[in-house]
Amino acid sequence: MSLSRVQWILLIAIAVNLAVMYSISQKHHKDDHARTRGVWFPYCNPSKSSIGTTLVLREFEDFANGVADTAASFLRARTGDSVLVVSDKLPYPPLQLPHCQSRPELLLTSAFVLLAPDGVQITTASQLEYMEQMLENLGGRVFAVAAPVLSEHPGRCMHLKVKMREWIAEYREAAGALDCEAIDGDAVVLLRTQDLLNLTHPWLRPHSLALFLQTAMRGMHVHLLPDVTFTMAPSVLNTVPHVRFKAEALHRERLRKMHQKLGIHLVNGADGREHWYGCSKMTARCFGTVLDDMPSYLYAGRWTPPCCMHALRSTTRHVIAELEAAGVRYWLEGGSLLGAARHGDIIPWDYDVDVGIYLEDVNKHLLLQHAVEDEQGFLWEKAREGDFYRVHYSHTNRLHVDLWPFFPHNGLMIRESWIKSHPQDRAFPESFLLPLGKLGFAGIQANVPNNHRQFLELKFGRGVIENPQFPNPAKLRFF
(Lines give C-alpha, C1' and ligand atoms only; values in the text may rest on other atoms or scores of the structure.)
Protein backbone atom coordinates (compact mmCIF):
# COMPACT_ATOMS: atom_id res chain seq x y z
CA MET A 1 0.00 0.00 0.00
CA SER A 2 1.40 3.47 -0.86
CA LEU A 3 1.38 6.23 1.78
CA SER A 4 0.96 10.01 1.58
CA ARG A 5 4.04 12.21 1.41
CA VAL A 6 3.99 13.35 5.01
CA GLN A 7 6.39 13.15 7.87
CA TRP A 8 4.66 11.23 10.62
CA ILE A 9 5.43 8.93 13.50
CA LEU A 10 3.47 5.71 14.10
CA LEU A 11 3.61 4.06 17.49
CA ILE A 12 2.38 0.59 18.43
CA ALA A 13 1.71 -0.75 21.90
CA ILE A 14 0.43 -4.18 22.82
CA ALA A 15 -1.12 -4.47 26.26
CA VAL A 16 -4.13 -6.18 27.78
CA ASN A 17 -4.76 -8.10 24.54
CA LEU A 18 -4.47 -4.89 22.45
CA ALA A 19 -1.81 -4.28 19.88
CA VAL A 20 -1.63 -0.53 19.72
CA MET A 21 -0.15 1.13 16.70
CA TYR A 22 0.18 4.85 16.80
CA SER A 23 1.81 7.63 14.88
CA ILE A 24 2.79 11.11 15.90
CA SER A 25 4.08 13.15 13.03
CA GLN A 26 4.09 16.41 11.15
CA LYS A 27 3.26 16.88 7.53
CA HIS A 28 6.28 17.95 5.52
CA HIS A 29 5.12 19.97 2.49
CA LYS A 30 6.88 19.21 -0.78
CA ASP A 31 6.03 19.57 -4.51
CA ASP A 32 2.20 19.63 -4.82
CA HIS A 33 2.39 17.74 -8.14
CA ALA A 34 4.47 14.83 -6.86
CA ARG A 35 2.65 11.53 -6.36
CA THR A 36 5.21 9.44 -4.45
CA ARG A 37 4.49 8.60 -0.81
CA GLY A 38 6.83 7.94 2.09
CA VAL A 39 6.72 7.61 5.86
CA TRP A 40 9.28 8.06 8.64
CA PHE A 41 9.32 6.21 11.99
CA PRO A 42 12.17 7.75 13.99
CA TYR A 43 11.14 6.82 17.56
CA CYS A 44 8.40 5.48 19.86
CA ASN A 45 8.07 8.27 22.43
CA PRO A 46 4.70 10.05 22.53
CA SER A 47 4.48 13.81 22.53
CA LYS A 48 4.20 15.46 25.93
CA SER A 49 1.86 18.15 24.58
CA SER A 50 -1.46 18.68 26.39
CA ILE A 51 -2.99 20.70 23.57
CA GLY A 52 -4.27 19.83 20.12
CA THR A 53 -6.23 16.80 18.94
CA THR A 54 -5.33 13.14 18.46
CA LEU A 55 -7.12 11.17 15.76
CA VAL A 56 -8.05 7.77 17.24
CA LEU A 57 -8.70 4.99 14.75
CA ARG A 58 -10.23 2.02 16.54
CA GLU A 59 -13.21 0.88 14.47
CA PHE A 60 -11.77 -0.91 11.45
CA GLU A 61 -11.12 -4.44 10.24
CA ASP A 62 -7.54 -5.67 10.34
CA PHE A 63 -8.00 -7.60 7.06
CA ALA A 64 -9.40 -4.72 4.97
CA ASN A 65 -9.18 -1.07 5.90
CA GLY A 66 -8.28 2.47 4.91
CA VAL A 67 -6.34 3.33 8.07
CA ALA A 68 -3.33 4.79 6.26
CA ASP A 69 -5.43 7.02 4.00
CA THR A 70 -7.60 8.28 6.86
CA ALA A 71 -4.54 9.04 8.98
CA ALA A 72 -2.80 10.78 6.09
CA SER A 73 -5.83 12.97 5.35
CA PHE A 74 -5.93 14.07 8.98
CA LEU A 75 -2.22 14.87 9.08
CA ARG A 76 -2.45 16.88 5.89
CA ALA A 77 -5.21 18.96 7.46
CA ARG A 78 -3.66 19.28 10.91
CA THR A 79 0.10 19.77 10.83
CA GLY A 80 1.63 18.70 14.12
CA ASP A 81 -1.32 16.72 15.50
CA SER A 82 -1.18 13.03 16.31
CA VAL A 83 -2.69 9.74 15.22
CA LEU A 84 -3.35 6.78 17.51
CA VAL A 85 -4.37 3.49 15.91
CA VAL A 86 -5.69 0.85 18.28
CA SER A 87 -6.10 -2.66 16.97
CA ASP A 88 -6.53 -6.20 18.28
CA LYS A 89 -4.28 -7.45 15.47
CA LEU A 90 -1.72 -5.91 13.16
CA PRO A 91 -3.58 -4.54 10.14
CA TYR A 92 -3.31 -5.99 6.67
CA PRO A 93 -1.98 -4.92 4.20
CA PRO A 94 0.95 -4.60 6.61
CA LEU A 95 2.40 -1.26 7.68
CA GLN A 96 6.04 -0.81 8.56
CA LEU A 97 5.48 -0.05 12.23
CA PRO A 98 7.65 -0.22 15.33
CA HIS A 99 6.43 -2.26 18.30
CA CYS A 100 6.14 -0.12 21.41
CA GLN A 101 5.20 -1.78 24.67
CA SER A 102 2.71 0.53 26.38
CA ARG A 103 -0.95 1.01 27.20
CA PRO A 104 -2.85 3.11 24.63
CA GLU A 105 -4.15 5.56 27.23
CA LEU A 106 -0.54 6.43 28.16
CA LEU A 107 0.00 7.60 24.59
CA LEU A 108 -2.87 10.09 24.62
CA THR A 109 -1.52 13.45 25.74
CA SER A 110 -3.58 15.88 23.66
CA ALA A 111 -6.52 17.87 24.98
CA PHE A 112 -9.00 16.32 22.54
CA VAL A 113 -9.54 13.03 20.75
CA LEU A 114 -11.25 12.63 17.40
CA LEU A 115 -12.98 9.29 16.80
CA ALA A 116 -13.43 8.58 13.11
CA PRO A 117 -14.86 5.61 11.20
CA ASP A 118 -12.54 3.75 8.87
CA GLY A 119 -12.22 5.40 5.47
CA VAL A 120 -13.20 8.93 6.54
CA GLN A 121 -11.49 11.75 4.67
CA ILE A 122 -10.65 14.90 6.63
CA THR A 123 -10.17 17.62 4.04
CA THR A 124 -9.75 20.93 5.89
CA ALA A 125 -8.48 22.11 9.25
CA SER A 126 -11.49 24.43 9.57
CA GLN A 127 -13.81 21.42 10.11
CA LEU A 128 -11.89 20.35 13.17
CA GLU A 129 -11.36 23.87 14.47
CA TYR A 130 -15.10 24.49 14.36
CA MET A 131 -15.80 21.23 16.21
CA GLU A 132 -13.23 22.12 18.88
CA GLN A 133 -14.74 25.59 19.29
CA MET A 134 -18.26 24.20 19.61
CA LEU A 135 -17.18 21.65 22.21
CA GLU A 136 -15.52 24.39 24.24
CA ASN A 137 -18.64 26.59 24.04
CA LEU A 138 -21.22 23.94 24.84
CA GLY A 139 -21.70 23.30 28.52
CA GLY A 140 -24.02 21.33 30.72
CA ARG A 141 -24.17 17.62 30.06
CA VAL A 142 -22.68 17.79 26.55
CA PHE A 143 -19.44 15.80 26.53
CA ALA A 144 -18.92 15.51 22.76
CA VAL A 145 -19.81 16.97 19.38
CA ALA A 146 -20.41 14.84 16.30
CA ALA A 147 -20.42 15.54 12.57
CA PRO A 148 -22.18 13.18 10.15
CA VAL A 149 -20.28 11.27 7.48
CA LEU A 150 -21.82 11.24 4.01
CA SER A 151 -22.15 7.46 3.72
CA GLU A 152 -24.91 4.87 3.35
CA HIS A 153 -25.82 5.59 6.98
CA PRO A 154 -24.95 9.18 7.92
CA GLY A 155 -24.95 9.87 11.65
CA ARG A 156 -28.16 11.05 13.28
CA CYS A 157 -29.27 11.79 16.81
CA MET A 158 -30.90 9.02 18.86
CA HIS A 159 -32.26 9.07 22.37
CA LEU A 160 -30.77 6.33 24.53
CA LYS A 161 -31.83 5.29 28.01
CA VAL A 162 -29.82 2.67 29.86
CA LYS A 163 -31.69 0.97 32.72
CA MET A 164 -28.86 -0.71 34.55
CA ARG A 165 -31.10 -2.16 37.26
CA GLU A 166 -33.15 -3.92 34.59
CA TRP A 167 -30.17 -4.74 32.28
CA ILE A 168 -31.92 -2.90 29.41
CA ALA A 169 -30.93 -0.25 26.84
CA GLU A 170 -33.72 1.55 25.00
CA TYR A 171 -33.34 3.59 21.82
CA ARG A 172 -35.93 5.93 20.35
CA GLU A 173 -36.02 8.35 17.48
CA ALA A 174 -34.87 11.94 18.09
CA ALA A 175 -36.11 13.46 14.83
CA GLY A 176 -34.75 16.98 14.40
CA ALA A 177 -32.93 16.96 17.75
CA LEU A 178 -29.32 18.10 17.98
CA ASP A 179 -28.73 17.15 21.62
CA CYS A 180 -29.14 13.45 22.36
CA GLU A 181 -27.52 10.50 24.09
CA ALA A 182 -26.20 8.62 21.04
CA ILE A 183 -25.36 8.93 17.37
CA ASP A 184 -26.70 6.24 15.05
CA GLY A 185 -24.73 5.75 11.85
CA ASP A 186 -21.37 7.03 10.65
CA ALA A 187 -20.07 10.15 12.38
CA VAL A 188 -16.83 11.81 13.41
CA VAL A 189 -16.94 12.44 17.17
CA LEU A 190 -14.80 14.94 19.10
CA LEU A 191 -14.49 14.75 22.89
CA ARG A 192 -12.05 15.64 25.60
CA THR A 193 -9.32 13.10 26.14
CA GLN A 194 -10.07 12.92 29.85
CA ASP A 195 -13.71 12.04 29.20
CA LEU A 196 -12.65 9.11 27.03
CA LEU A 197 -10.12 7.85 29.54
CA ASN A 198 -12.59 8.17 32.43
CA LEU A 199 -14.73 5.43 30.85
CA THR A 200 -14.52 1.97 32.34
CA HIS A 201 -13.94 0.47 28.88
CA PRO A 202 -12.49 3.20 26.61
CA TRP A 203 -11.42 0.77 23.84
CA LEU A 204 -14.40 -1.58 23.76
CA ARG A 205 -15.82 -2.32 20.31
CA PRO A 206 -17.97 -1.41 18.46
CA HIS A 207 -16.22 1.74 19.61
CA SER A 208 -18.75 4.55 19.15
CA LEU A 209 -21.64 2.40 20.35
CA ALA A 210 -19.72 1.36 23.47
CA LEU A 211 -18.82 5.00 24.05
CA PHE A 212 -22.43 6.22 23.94
CA LEU A 213 -23.74 3.39 26.10
CA GLN A 214 -21.23 4.21 28.80
CA THR A 215 -21.82 7.96 28.66
CA ALA A 216 -25.60 7.51 28.60
CA MET A 217 -25.27 5.60 31.88
CA ARG A 218 -23.79 8.81 33.30
CA GLY A 219 -26.46 11.09 31.86
CA MET A 220 -24.10 12.70 29.32
CA HIS A 221 -25.14 14.09 25.92
CA VAL A 222 -23.61 14.50 22.47
CA HIS A 223 -24.36 17.49 20.23
CA LEU A 224 -24.82 16.88 16.50
CA LEU A 225 -23.34 19.43 14.08
CA PRO A 226 -25.31 18.92 10.84
CA ASP A 227 -23.50 21.77 9.06
CA VAL A 228 -20.15 19.96 9.33
CA THR A 229 -19.88 16.86 7.16
CA PHE A 230 -17.12 14.45 6.19
CA THR A 231 -16.76 12.15 3.20
CA MET A 232 -15.83 8.49 3.15
CA ALA A 233 -13.65 6.70 0.63
CA PRO A 234 -15.01 3.54 -1.07
CA SER A 235 -14.25 0.37 0.87
CA VAL A 236 -13.99 -3.29 -0.11
CA LEU A 237 -16.21 -3.99 2.92
CA ASN A 238 -19.08 -2.60 0.86
CA THR A 239 -18.12 -3.94 -2.56
CA VAL A 240 -16.72 -7.45 -2.05
CA PRO A 241 -19.45 -9.84 -0.81
CA HIS A 242 -17.29 -12.33 1.11
CA VAL A 243 -15.36 -9.52 2.82
CA ARG A 244 -18.59 -7.83 3.82
CA PHE A 245 -20.02 -11.12 5.14
CA LYS A 246 -16.92 -11.66 7.30
CA ALA A 247 -17.07 -8.10 8.64
CA GLU A 248 -20.77 -8.37 9.47
CA ALA A 249 -20.23 -11.66 11.33
CA LEU A 250 -17.43 -10.10 13.37
CA HIS A 251 -19.62 -7.07 14.10
CA ARG A 252 -22.43 -9.26 15.46
CA GLU A 253 -19.99 -11.09 17.72
CA ARG A 254 -18.54 -7.80 18.98
CA LEU A 255 -22.05 -6.54 19.71
CA ARG A 256 -22.74 -9.63 21.81
CA LYS A 257 -19.50 -9.36 23.77
CA MET A 258 -19.84 -5.60 24.24
CA HIS A 259 -23.37 -5.76 25.65
CA GLN A 260 -22.45 -8.59 27.98
CA LYS A 261 -19.35 -6.68 29.12
CA LEU A 262 -21.50 -3.64 29.91
CA GLY A 263 -24.16 -5.74 31.63
CA ILE A 264 -26.88 -5.08 29.04
CA HIS A 265 -28.92 -8.18 28.16
CA LEU A 266 -31.78 -6.61 26.21
CA VAL A 267 -31.75 -3.79 23.67
CA ASN A 268 -35.05 -2.29 22.58
CA GLY A 269 -34.41 -0.70 19.20
CA ALA A 270 -36.06 2.45 17.92
CA ASP A 271 -37.71 0.28 15.26
CA GLY A 272 -39.48 -1.77 17.95
CA ARG A 273 -37.28 -4.84 17.57
CA GLU A 274 -35.73 -6.62 20.54
CA HIS A 275 -32.12 -7.74 20.58
CA TRP A 276 -31.13 -10.27 23.25
CA TYR A 277 -27.60 -10.62 24.61
CA GLY A 278 -28.10 -12.72 27.74
CA CYS A 279 -28.74 -16.38 28.44
CA SER A 280 -30.78 -18.77 26.28
CA LYS A 281 -31.86 -22.42 26.25
CA MET A 282 -28.39 -23.30 25.01
CA THR A 283 -26.47 -21.43 27.72
CA ALA A 284 -26.39 -21.37 31.50
CA ARG A 285 -28.49 -18.83 33.35
CA CYS A 286 -26.96 -15.44 34.18
CA PHE A 287 -26.35 -16.09 37.88
CA GLY A 288 -24.93 -18.92 39.92
CA THR A 289 -26.13 -20.89 42.93
CA VAL A 290 -28.47 -18.86 45.13
CA LEU A 291 -27.47 -18.63 48.80
CA ASP A 292 -29.84 -17.51 51.57
CA ASP A 293 -32.59 -16.91 48.96
CA MET A 294 -30.58 -13.95 47.64
CA PRO A 295 -29.30 -14.15 44.04
CA SER A 296 -25.99 -12.39 43.44
CA TYR A 297 -27.42 -9.64 41.24
CA LEU A 298 -29.39 -8.17 44.15
CA TYR A 299 -26.17 -7.31 45.96
CA ALA A 300 -25.10 -5.39 42.84
CA GLY A 301 -28.28 -3.28 42.97
CA ARG A 302 -29.84 -5.04 39.99
CA TRP A 303 -32.98 -7.05 39.35
CA THR A 304 -33.55 -10.27 37.47
CA PRO A 305 -31.90 -10.08 34.01
CA PRO A 306 -34.57 -9.80 31.28
CA CYS A 307 -33.34 -12.95 29.54
CA CYS A 308 -33.81 -14.88 32.79
CA MET A 309 -37.24 -13.33 33.25
CA HIS A 310 -38.11 -14.32 29.68
CA ALA A 311 -37.05 -17.91 30.45
CA LEU A 312 -39.11 -17.98 33.66
CA ARG A 313 -42.21 -16.71 31.88
CA SER A 314 -41.77 -19.20 29.05
CA THR A 315 -41.30 -22.10 31.47
CA THR A 316 -44.29 -20.99 33.54
CA ARG A 317 -46.61 -20.81 30.54
CA HIS A 318 -45.44 -24.22 29.34
CA VAL A 319 -45.86 -25.88 32.75
CA ILE A 320 -49.32 -24.42 33.36
CA ALA A 321 -50.48 -25.45 29.88
CA GLU A 322 -49.26 -29.00 30.57
CA LEU A 323 -50.96 -29.14 33.99
CA GLU A 324 -54.25 -27.83 32.63
CA ALA A 325 -54.20 -30.27 29.71
CA ALA A 326 -53.63 -33.18 32.10
CA GLY A 327 -56.31 -32.05 34.57
CA VAL A 328 -53.82 -31.40 37.39
CA ARG A 329 -55.24 -28.93 39.90
CA TYR A 330 -52.73 -26.13 40.55
CA TRP A 331 -52.44 -22.61 41.98
CA LEU A 332 -49.74 -19.97 42.29
CA GLU A 333 -47.85 -20.21 45.57
CA GLY A 334 -45.60 -18.02 47.74
CA GLY A 335 -43.68 -15.24 46.02
CA SER A 336 -45.22 -16.04 42.65
CA LEU A 337 -48.71 -15.39 43.99
CA LEU A 338 -47.35 -12.22 45.59
CA GLY A 339 -46.00 -11.15 42.20
CA ALA A 340 -49.36 -11.78 40.54
CA ALA A 341 -51.15 -9.73 43.19
CA ARG A 342 -48.68 -6.84 43.21
CA HIS A 343 -47.29 -6.73 39.65
CA GLY A 344 -49.54 -8.95 37.55
CA ASP A 345 -46.35 -10.84 36.76
CA ILE A 346 -43.25 -12.39 38.31
CA ILE A 347 -41.68 -10.16 40.98
CA PRO A 348 -39.00 -8.14 39.11
CA TRP A 349 -36.18 -9.50 41.30
CA ASP A 350 -37.41 -13.10 41.70
CA TYR A 351 -35.40 -16.05 40.36
CA ASP A 352 -37.93 -18.92 40.26
CA VAL A 353 -41.68 -19.61 40.15
CA ASP A 354 -43.68 -21.55 42.77
CA VAL A 355 -46.81 -23.52 41.92
CA GLY A 356 -48.89 -25.66 44.28
CA ILE A 357 -50.52 -28.88 43.05
CA TYR A 358 -52.68 -31.62 44.53
CA LEU A 359 -50.52 -34.63 45.41
CA GLU A 360 -53.25 -37.03 44.26
CA ASP A 361 -53.08 -35.46 40.75
CA VAL A 362 -49.40 -36.24 40.21
CA ASN A 363 -50.21 -39.53 38.47
CA LYS A 364 -52.28 -37.65 35.90
CA HIS A 365 -49.13 -36.30 34.24
CA LEU A 366 -46.45 -38.68 33.00
CA LEU A 367 -43.72 -36.02 33.05
CA LEU A 368 -44.11 -35.73 36.83
CA GLN A 369 -43.33 -39.42 37.25
CA HIS A 370 -40.01 -39.56 35.41
CA ALA A 371 -37.03 -37.26 34.88
CA VAL A 372 -37.36 -36.40 31.21
CA GLU A 373 -36.71 -33.63 28.70
CA ASP A 374 -39.91 -32.96 26.79
CA GLU A 375 -40.32 -32.16 23.10
CA GLN A 376 -39.95 -28.42 23.71
CA GLY A 377 -36.66 -28.88 25.58
CA PHE A 378 -37.98 -28.34 29.13
CA LEU A 379 -36.49 -30.69 31.73
CA TRP A 380 -38.88 -32.27 34.27
CA GLU A 381 -37.46 -33.95 37.37
CA LYS A 382 -37.97 -34.79 41.02
CA ALA A 383 -36.15 -32.16 43.05
CA ARG A 384 -33.13 -33.27 45.06
CA GLU A 385 -33.79 -30.75 47.82
CA GLY A 386 -37.09 -32.19 49.04
CA ASP A 387 -40.49 -33.67 48.21
CA PHE A 388 -41.37 -31.52 45.23
CA TYR A 389 -40.90 -31.37 41.47
CA ARG A 390 -38.90 -28.99 39.32
CA VAL A 391 -39.21 -28.00 35.66
CA HIS A 392 -36.14 -26.36 34.12
CA TYR A 393 -36.04 -24.08 31.11
CA SER A 394 -33.59 -26.57 29.60
CA HIS A 395 -30.98 -29.14 30.53
CA THR A 396 -28.34 -26.38 30.32
CA ASN A 397 -30.29 -23.39 31.62
CA ARG A 398 -31.59 -24.26 35.08
CA LEU A 399 -34.08 -21.43 35.55
CA HIS A 400 -37.08 -23.30 36.86
CA VAL A 401 -40.64 -23.66 38.12
CA ASP A 402 -41.08 -25.56 41.39
CA LEU A 403 -44.19 -27.72 41.81
CA TRP A 404 -45.15 -28.22 45.46
CA PRO A 405 -47.53 -31.16 46.14
CA PHE A 406 -50.13 -30.60 48.88
CA PHE A 407 -52.84 -32.92 50.18
CA PRO A 408 -55.94 -32.19 52.30
CA HIS A 409 -55.99 -33.27 55.94
CA ASN A 410 -58.73 -32.24 58.38
CA GLY A 411 -59.64 -29.26 56.20
CA LEU A 412 -56.04 -28.09 55.82
CA MET A 413 -53.68 -28.36 52.87
CA ILE A 414 -50.42 -29.80 54.11
CA ARG A 415 -47.24 -31.29 52.67
CA GLU A 416 -45.19 -34.37 53.48
CA SER A 417 -42.26 -32.12 54.39
CA TRP A 418 -41.58 -28.40 54.77
CA ILE A 419 -38.61 -26.19 53.85
CA LYS A 420 -37.38 -24.80 57.18
CA SER A 421 -35.74 -21.76 55.58
CA HIS A 422 -39.09 -20.70 54.05
CA PRO A 423 -41.21 -19.11 56.81
CA GLN A 424 -44.15 -18.86 54.39
CA ASP A 425 -44.09 -22.65 53.97
CA ARG A 426 -47.09 -23.59 56.12
CA ALA A 427 -50.48 -25.29 56.06
CA PHE A 428 -53.58 -23.37 54.99
CA PRO A 429 -57.34 -24.08 54.78
CA GLU A 430 -58.39 -25.97 51.67
CA SER A 431 -61.29 -23.55 51.38
CA PHE A 432 -58.87 -21.11 49.69
CA LEU A 433 -58.89 -23.50 46.73
CA LEU A 434 -62.63 -24.12 46.59
CA PRO A 435 -63.14 -22.54 44.14
CA LEU A 436 -59.95 -21.16 42.59
CA GLY A 437 -59.66 -17.62 41.29
CA LYS A 438 -57.65 -16.08 38.41
CA LEU A 439 -54.91 -13.45 38.19
CA GLY A 440 -52.65 -12.29 35.39
CA PHE A 441 -49.19 -13.82 35.60
CA ALA A 442 -46.34 -14.34 33.09
CA GLY A 443 -48.60 -13.25 30.24
CA ILE A 444 -51.51 -15.62 31.00
CA GLN A 445 -54.42 -15.97 33.43
CA ALA A 446 -53.27 -18.38 36.15
CA ASN A 447 -55.14 -20.12 38.96
CA VAL A 448 -54.83 -18.52 42.40
CA PRO A 449 -56.49 -18.97 45.81
CA ASN A 450 -59.96 -17.39 45.87
CA ASN A 451 -59.04 -14.80 48.51
CA HIS A 452 -55.45 -14.18 47.51
CA ARG A 453 -54.89 -11.21 49.84
CA GLN A 454 -55.99 -13.14 52.92
CA PHE A 455 -53.97 -16.14 51.72
CA LEU A 456 -50.82 -14.03 51.29
CA GLU A 457 -51.22 -12.31 54.65
CA LEU A 458 -51.64 -15.72 56.29
CA LYS A 459 -48.28 -16.76 54.79
CA PHE A 460 -46.28 -13.52 54.89
CA GLY A 461 -48.04 -11.13 57.27
CA ARG A 462 -50.30 -8.09 56.98
CA GLY A 463 -49.56 -5.50 54.29
CA VAL A 464 -47.27 -7.80 52.33
CA ILE A 465 -48.69 -6.72 48.97
CA GLU A 466 -48.12 -3.02 49.62
CA ASN A 467 -44.69 -3.38 51.27
CA PRO A 468 -42.10 -4.99 48.97
CA GLN A 469 -39.12 -6.79 50.46
CA PHE A 470 -36.28 -8.81 49.05
CA PRO A 471 -36.45 -12.57 49.71
CA ASN A 472 -34.14 -12.29 52.74
CA PRO A 473 -34.47 -8.84 54.38
CA ALA A 474 -31.90 -9.82 57.00
CA LYS A 475 -29.29 -9.84 54.21
CA LEU A 476 -30.48 -6.85 52.21
CA ARG A 477 -33.47 -4.60 52.67
CA PHE A 478 -35.55 -3.29 49.78
CA PHE A 479 -34.43 0.18 48.64
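The model is predicted: local features require pLDDT of at least 70, side-chain atom pairs count only at pLDDT 80 or more, and totals for chains, interfaces and linings use all residues. Residues are numbered from 1 along each chain as its sequence is written, and side-chain values use heavy atoms, with hydrogens and water left out. The chain has 10 helices and 26 strands, these being DSSP runs numbered from the N terminus (helices: H or I, at least four residues; strands: E, at least two).

- Of the 479 residues, 52% count as buried, where buried means under 20% relative accessible area, exposed over 50%, and partly exposed in between (1.4 Å probe, protein chains only).
- Among contacts (heavy atoms within 4.5 Å) with a separation of 6 or more, residues 24 or more positions apart account for 69%.
- The chain exposes about 22,500 Å², of which carbon and sulfur atoms supply 52%; accessible areas come from the Shrake-Rupley method with a 1.4 Å probe, and for residues only the protein chains shown count as cover.

- Strand 7 (residues 142-150) pairs with strand 13 in the parallel sense over four bridges; strands pair if DSSP finds at least two bridges between them.
- Strand 10 (residues 179-180) pairs with strand 13 in the antiparallel sense over two bridges, and aspartate 179 stands opposite histidine 223.

- Strand 15 (residues 266-268) and strand 16 run antiparallel and are joined by three bridges; asparagine 268 has glutamate 274 as its bridge partner.

**Nonpolar cores**

- A nonpolar core is a set of buried Ala, Val, Leu, Ile, Met, Phe, Trp, Tyr and Cys residues joined through side-chain atoms within 4.5 Å.
- In the largest core, of 59 residues, Leu323, Val355, Ile357 and Leu403 touch the most other members.
- Helix 8 (residues 306-326) gives the most to this core, with eight residues.
- Apart from this core lies another of 41 residues, including Val113, Ala146, Leu211 and Phe212.

**Helix 9**

- Eight of the nine residues of helix 9 (residues 334-342) are buried, among them Leu337, Leu338 and Arg342.
- The cover of these buried residues includes strand 17 (330-332), strand 18 (353-358), strand 25 (437-441), strand 26 (444-448) and helix 10 (452-460).
- Just after helix 9, glycine 344 takes a positive phi of about 70 degrees.

**Valine 372**

- Valine 372 is found in strand 19 (residues 372-373) and counts as partly exposed because its relative accessibility is 28%.
- Not counting residues up to four places away in sequence, valine 372 touches Leu367, Phe378, Leu379 and Trp380.
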